[in-house]
Amino acid sequence: MKTALLVGGTAATGIAISAELRARGYEVTIYHRGLHEVPELDDMEHIHGDPHHESTIDHDLAGRSWDVTVATYGRIRHLAAALRGRTGHFVSISGTPVVGMQPGVPMCEDFPCETAQHAPAGLRGLLAKIAQTEEAVLAAHARGDFVSTVVRYPYVYGPHAVVPLEWHVIRRVLDSRSRWIYQGAGLALQGRCASPNAARLVGLVLDQPQRAGGEIYHAADTRQYTQREWVELVASAMNHQFEAVDIPAAICALGRSAVPMAGEYNWVRASDVDAGRLRHSLVSNEKARLQLGYEDAVTPADWIRKTVAYWLQSPPLVDGLSGRLGPDDFDYAAEDRLLAWWDTACARAPDCGKPLVRSHPYDHPTQAPLAKPVQATPH
């Protein structure tokens with residue numbers, strides 16, 4: 001039987017990747033620290049260790065080899081070095097924040113990596129290492145150590161996600177919040193990927209090693225939503241609707257706790273946050289569709305509903321220690337102060353002139369012109 005090593009495996013995409021591997025006839029071994037177990041993976045072999053250090057990786061994986069390896073966790077450059085000659089195809093999971101921001105959309109695989117100068121505040125000091133890891137994995141392919149492919153994730157949503165952004169919305173619904181503050185009218189486009197869709201791409205990469213070897217692919221849902229549409233989708237799964245309030249960054253600087261999800265701006269390039277500038281970070285999956293035949297395994301709307309149902313049953317911790325959510329992410333007092341100020345300011349808004357309606361620029365004659373006699377053209 002073919003064998004597969006899945007490093008990580010207990011977060012958002014682990015169950016789905018395991019299912020993709022098993023559907024392809026692989027016997028799957030999970031390598032992780034053993035801190036989080038999920039029932040769906042109980043029947044697989046587990047290696048409990050630490051995939052972050054050369055010494056522990058050498059100890060934990062000593063004498064073992066696998067046909068394919070999918071590394072979703074740990075220090076992947078150490079894993080790649082340790083598995084040289086011990087795996088046939090090495091798939092490294094990276095992240096789209098490593099991609100340098102360019103004017104326009106979408107974000108493509110051939111864009112240069114982000115510079116340290118512009119790195120998001122939440123990834124400062126780490127982004128360069130992610131880029132170096134990608135280079136090391138692709139260099140291993142060029143040397144012939146194994147076939148290697150890099151798959152970059154954007155925000156991945158689903159049960160067991162390490163970053164449960166949906167809880168920003170769910171908790172406000174549970175707490176009977178009626179208004180949602182947006183900046184930039186909530187029109188920013190951010191790449192997202194349902195966990196089964198990310199896993200489907202990994203499966204297609206493994207199916208086509210000759211095509212996927214030495215390549216980078218972006219995982220992303222084919223259908224994407226603006227921030228406001230995404231909030232509305234999550235809220236509608238709980239039969240709730242927020243009143244949208246658009247307050248510009250000139251009034252409340254980006255990243256302040258008076259705005260829902262403001263802490264997530266720590267994952268936007270620091271220079272943009274400092275300038276109060278919102279950009280799209282729409283991720284393209286066109287390369288995966290054209291080269292590998294990728295199609296979504298689930299629709300975003302359906303998977304959002306399933307994700308909401310999971311978090312309602314298994315709420316994440318909001319302690320500032322586990323995961324990313326802390327009490328400041330739900331600073332309702334600051335939100336209410338900002339909303340009260342905004343309502344007062346709007347009540348004093350000046351007369352903004354008259355409505356402007358542009359008519360269609362082309363003429364629309366109401367009567368046909370009188371027919372003119374036809375004159376013969378002399379030859």
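## Strands and sheet

Let's start with a pair of residues: Lys-2 has Tyr-26 as its bridge partner in β2. This is a predicted model, where local features need pLDDT of at least 70 and side-chain atom pairs count only at pLDDT 80 or more, while totals for chains, interfaces and linings use all residues. Residues are numbered from 1 along each chain as its sequence is written, and side-chain values use heavy atoms, with hydrogens and water left out.

Strands β1 (residues 2–7) and β2 (residues 26–32) run parallel, joined by six bridges. Strands here are DSSP runs of E, at least two residues, and helices are runs of H or I, at least four, numbered from the N terminus. Pairing takes at least two DSSP bridges between two strands. The open sheet has seven strands with parallel pairing, ordered β3-β2-β1-β4-β5-β6-β10. Its edges are β3 (45–48) and β10 (216–218), each pairing on one side only.

## Around Thr-96

Thr-96 sits in the loop between β5 (87–95) and α4 (127–143). Why does Thr-96 count as buried? Because its relative accessibility is 8%, and buried means under 20% relative accessible area (1.4 Å probe, protein chains only). Beyond neighbours within four places in sequence, Thr-96 is in contact (heavy atoms within 4.5 Å) with residues including Arg-152, Tyr-153 and His-218.

## Nonpolar cores

Tyr-153 turns up again in the largest nonpolar core, which has 64 residues; Tyr-153, Val-169, Leu-201 and Trp-230 touch the most other members. Such a core is a set of buried Ala, Val, Leu, Ile, Met, Phe, Trp, Tyr and Cys residues joined through side-chain atoms within 4.5 Å. Helix α6 (residues 195–207) gives the largest share of this core, seven residues.

Key. Buried means under 20% relative accessible area, exposed over 50%, partly exposed in between (1.4 Å probe, protein chains only).
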